[in-house]
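Subject: Structure for your review

Dear colleague,

Please find below the structure I am handing over to you.

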There are 2 protein chains.
Amino acid sequence: MASHGARGRSGGRPTLEEVAARAGVGRGTVSRVINGSPRVSDATRAAVEAAVAELGYVPNTAARALAANRTDAIALVVPEPETRFFAEPYFSDMLRGVGSELSETEMQLLLIFAGSDRERRRLAQYLAAHRVDGVLLVSVHADDPLPDLLAQLEIPAVISGPRSAGETLTSVDSDNYGGARSAVEHLLSRGRTRIAHITGRLDVYGAKRRVDGYRDALRDAGREVDELLVEPGDFTEEGGRRAMSVLLDRRPDLDAVFAGSDVMAAGARQVLREAGRRIPDDVALVGYDDSAIARHMDPPLTSVRQPIEEMGRAMIDLLLTEIADRRPPTSRGLERQHAVLPTQLVARASS
Amino acid sequence: MASHGARGRSGGRPTLEEVAARAGVGRGTVSRVINGSPRVSDATRAAVEAAVAELGYVPNTAARALAANRTDAIALVVPEPETRFFAEPYFSDMLRGVGSELSETEMQLLLIFAGSDRERRRLAQYLAAHRVDGVLLVSVHADDPLPDLLAQLEIPAVISGPRSAGETLTSVDSDNYGGARSAVEHLLSRGRTRIAHITGRLDVYGAKRRVDGYRDALRDAGREVDELLVEPGDFTEEGGRRAMSVLLDRRPDLDAVFAGSDVMAAGARQVLREAGRRIPDDVALVGYDDSAIARHMDPPLTSVRQPIEEMGRAMIDLLLTEIADRRPPTSRGLERQHAVLPTQLVARASS
DNA sequence: ATCACTCATGGGAGCGCTCCCACAGTACCT
DNA sequence: AGGTACTGTGGGAGCGCTCCCATGAGTGAT
């Protein structure tokens with residue numbers, strides 16, 4: 001690929017020292033050139049760069065890591081079994097955003113699954129050994145000890161989807177509140193008046209925010225919130241079915257359903273069909289996530305899209321800043337950042 | 001998680017030296033204990049282990065890598081864009097096998113995509129820097145320069161699906177020849193006599209082997225191979241459709257089709273339907289890969305399953321051996337290994 | 001010409017390990 | 001008793017970098 005020149009003349013790979021000798025300069029100067037320091041004259045820089053090219057010099061990462069006490073690597077930690085990782089487009093979108101943003105840098109991305117207890121112990125060791133400069137945490141459950149471990153080890157970290165309003169780690173999230181509002185406002189604008197909500201698992205902060213958005217949108221439109229129209233689900237299809245049955249029982253006259261996820265909307269749709277309700281004629285349906293399910297549903301499902309790829313990019317940005325500062329902001333008396341990215345309603349035939 | 005004891009007493013993480021002092025032994029002895037050398041007395045080992053636990057000592061990977069000239073990491077290189085990686089179950093199965101086998105060891109797995117030119121250049125740098133002890137190469141095209149780069153850099157590597165009969169890298173493959181044979185023998189045993197074959201891309205070695213298996217199975221059953229019944233496809237659905245049309249044109253009396261992949265079988269099925277042939281009554285259909293498509297096809301497709309997860313495990317085994325030997329076998333006058341794992345015919349309603 | 005400062009540069013020290021040689025101690029043979 | 005062979009152990013050397021201090025050359029003000 002590159003021209004290698006005198007590679008391996010003296011056995012192994014060329015070292016900084018050899019490059020220095022070849023360029024007729026000192027070790028420090030070569031190091032400065034390699035690391036892009038401005039304190040090098042143009043002539044010297046050119047000479048060093050020539051020597052680097054001739055020898056096919058590539059820095060030894062281990063030596064650099066040892067001397068500089070950094071690894072130039074960050075981990076994307078997925079506290080889920082691998083199967084979910086592959087099953088849900090969320091992760092591949094996230095990975096794409098992270099990867100694209102990271103390709104601008106010299107940083108290496110490690111993908112680490114921590115679904116099983118065993119994998120978690122491994123991860124703990126890994127972090128204790130400081131084998132990465134920072135950590136990206138996606139899909140974290142409310143009671144997960146990982147964020148606290150990270151904080152304790154003072155490892156820079158960014159979490160996607162804060163665990164609560166008082167999240168201690170730097171976080172990136174989409175606007176769950178605003179997304180839910182836009183869904184409800186959309187239904188109101190379509191003339192629906194009895195709008196039900198199937199919530200996500202309420203121990204997930206984002207799901208709670210969606211409920212808040214649902215409530216406030218109704219209130220701001222001058223409607224009272226009918227608690228009989230709110231039923232908790234658990235993000236699964238079965239949960240969506242169950243909740244829909246309950247809702248139909250309690251309020252047979254409902255004319256719209258806002259589900260906290262597309263998967264739950266799919267479950268709700270089945271129950272509505274079985275009950276003889278037409279979508280959207282009798283009951284309008286709106287989901288959340290704008291996943292593949294939404295596009296392929298019959299009828300296609302109106303849904304709220306989260307900018308997942310962009311969230312990945314934002315996470316990297318925040319993390320790199322934190323790493324550059326060499327430590328978490330809180331240990332320097334600074335505020336943690338909490339980025340919130342806008343969502344977008346994608347209207348389709350179901351509403 | 002673990003008990004940390006005196007972590008950070010003197011600022012940073014404890015070093016080997018500190019553990020040695022605490023245990024009242026020399027640096028070398030601690031190193032031996034850490035690395036599981038047998039040349040340590042039981043009493044000394046116990047003392048060192050106690051000191052390690054008390055101090056919460058975790059070895060510094062960078063220092064170890066520098067001193068020992070190894071990284072304890074291997075890369076799984078996917079020469080495809082990420083999208084394909086997530087789309088095809090092949091990769092997740094492979095990753096599962098690799099991961100499970102690797103979790104027995106201290107090795108770290110890196111997932112590296114090399115779909116774009118840019119990513120490839122990065123990878124070349126990465127390999128030149130010897131940042132991994134070995135490489136797993138999956139899904140390599142015939143003209144890919146990567147295997148040669150690996151050989152030239154003398155980096156231990158194992159490839160899944162050899163590029164040819166004379167593959168220079170250690171390889172793991174499934175028994176394409178035997179798999180094809182079993183498919184054809186199955187059709188023969190069902191009384192089919194005019195069995196067509198839609199091949200895969202013939203610049204893919206595995207596809208060629210399947211053609212060989214098809215031919216030999218017919219010959220060994222005492223039939224002559226009718227070349228008009230063999231038509232090349234390209235692994236795509238469209239290619240399957242095209243090949244099927246050609247075959248139906250040439251041999252309207254065919255009574256079975258063995259497709260070189262499930263996706264091509266799906267294409268063939270469409271054309272057969274349009275031509276008014278019933279499956280399996282008029283024409284029996286067999287695919288290859290036993291992918292999700294096969295199970296969900298109407299009728300469910302008989303297909304040849306490859307033990308992908310097991311292949312992943314086998315790749316790791318071979319790679320670890322090669323790494324332990326510190327260099328590729330060929331540079332030591334030894335033969336490359338080529339493991340071939342058995343396939344299995346999964347009979348369903350289509351045949 | 002002198003001083004004060006800046007800038008490019010060389011190279012020592014040190015990061016935390018592994019490798020290996022030297023050495024003492026013990027055991028078993030002549 | 002002397003030799004030989006091991007076994008467990010300590011610690012020097014060195015892996016290839018970065019960091020930082022010292023140095024000398026260059027610049028401009030006095």
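Helices (H or I, at least four residues) and strands (E, at least two) are DSSP runs, numbered from the N terminus. Please note that this is a predicted model.

Cis peptide bonds

Most peptide bonds are trans. In chain A, however, the bond that joins Asp298(A) and Pro299(A) is cis, with omega at about -5°. Pro299(A) lies in the loop that runs between helix 13 (292-296) and strand 10 (302-305) of chain A.

In chain B, a cis peptide bond leads from Ile279(B) to Pro280(B), and its omega is near 5°. The loop that holds Pro280(B) is the one between helix 12 (262-274) and strand 9 (284-289) of chain B.

Positive phi values

Most residues other than glycine have a negative phi. Asn69(B) has a positive phi, near 60°. Asn69(B) sits in the loop between helix 4 (61-68) and strand 1 (73-78) of chain B. With a relative accessibility of 57%, Asn69(B) counts as exposed, because the cut-off for that class is over 50%.

Asp290(B) also has a positive phi, in this case near 50°. This residue belongs to the loop between strand 9 and helix 13 (292-296) of chain B. Is Asp290(B) buried or exposed? Its relative accessibility is 7%, so Asp290(B) counts as buried, the limit being under 20%.

Yours sincerely

Notes: Residues are numbered from 1 along each chain as its sequence is written. Chains are lettered from A and ligands numbered from 1 in the order in which they are written. This is a predicted model: local features need pLDDT of at least 70, side-chain atom pairs count only at pLDDT 80 or more; totals for chains, interfaces and linings use all residues. Side-chain values use heavy atoms; hydrogens and water are left out. Buried means under 20% relative accessible area, exposed over 50%, partly exposed in between (1.4 Å probe, protein chains only).
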